[in-house]
Amino acid sequence: MHVISDECVKCGSCESTCPAGAIVEGEAKYEVTDACIDCGACESVCPTGAISAK
């Protein structure tokens, strides 16, 4: 599973890239839900490097 750190700037790149629809907009940042299939697509498109494998 992947996690999103506080470095998230809520640009939406990860949400639109996720094939499982596992990324949702939270209050302060995007969040990864249990629907994550651990494909890494979100990690490769994050411009701030806020997404990493847990």
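The protein chain has 2 helices and 4 strands, where helices (H or I, at least four residues) and strands (E, at least two) are DSSP runs numbered from the N terminus. In sequence order, the pattern reads β-α-β-β-α-β. With a radius of gyration of 9 Å, close to the 10 Å from the globule rule for 54 residues, the chain is as compact as a globular protein of that length; the radius is taken over C-alpha atoms, and the rule is 2.2 Å times the number of residues to the power 0.38.

This is a predicted model, so to speak for its limits: local features need pLDDT of at least 70, side-chain atom pairs count only at pLDDT 80 or more, and totals for chains, interfaces and linings use all residues. Residues are numbered from 1 along each chain as its sequence is written, and side-chain values use heavy atoms, leaving out hydrogens and water.

Here are some whole-chain values.

| Property of the protein chain | Value |
|---|---|
| Accessible surface (Shrake-Rupley method, 1.4 Å probe) | about 3300 Å² |
| Part of that surface on carbon and sulfur atoms | 48% |
| Buried residues, out of 54 | 30% |

Among contacts (heavy atoms within 4.5 Å) with a separation of 6 or more, 53% join residues 24 or more positions apart.

Now for Cys14, which sits in helix H1 (residues 13-17). Cys14 counts as buried because its relative accessibility is 7%; buried means under 20% relative accessible area, exposed over 50%, and partly exposed in between (1.4 Å probe, protein chains only). Leaving aside residues up to four places away in sequence, Cys14 touches Ile4, Ile23, Tyr30, Cys42, Val45 and Ile51. Pro47 is 33 residues from Cys14 along the chain, with 9.5 Å between their C-alpha atoms.
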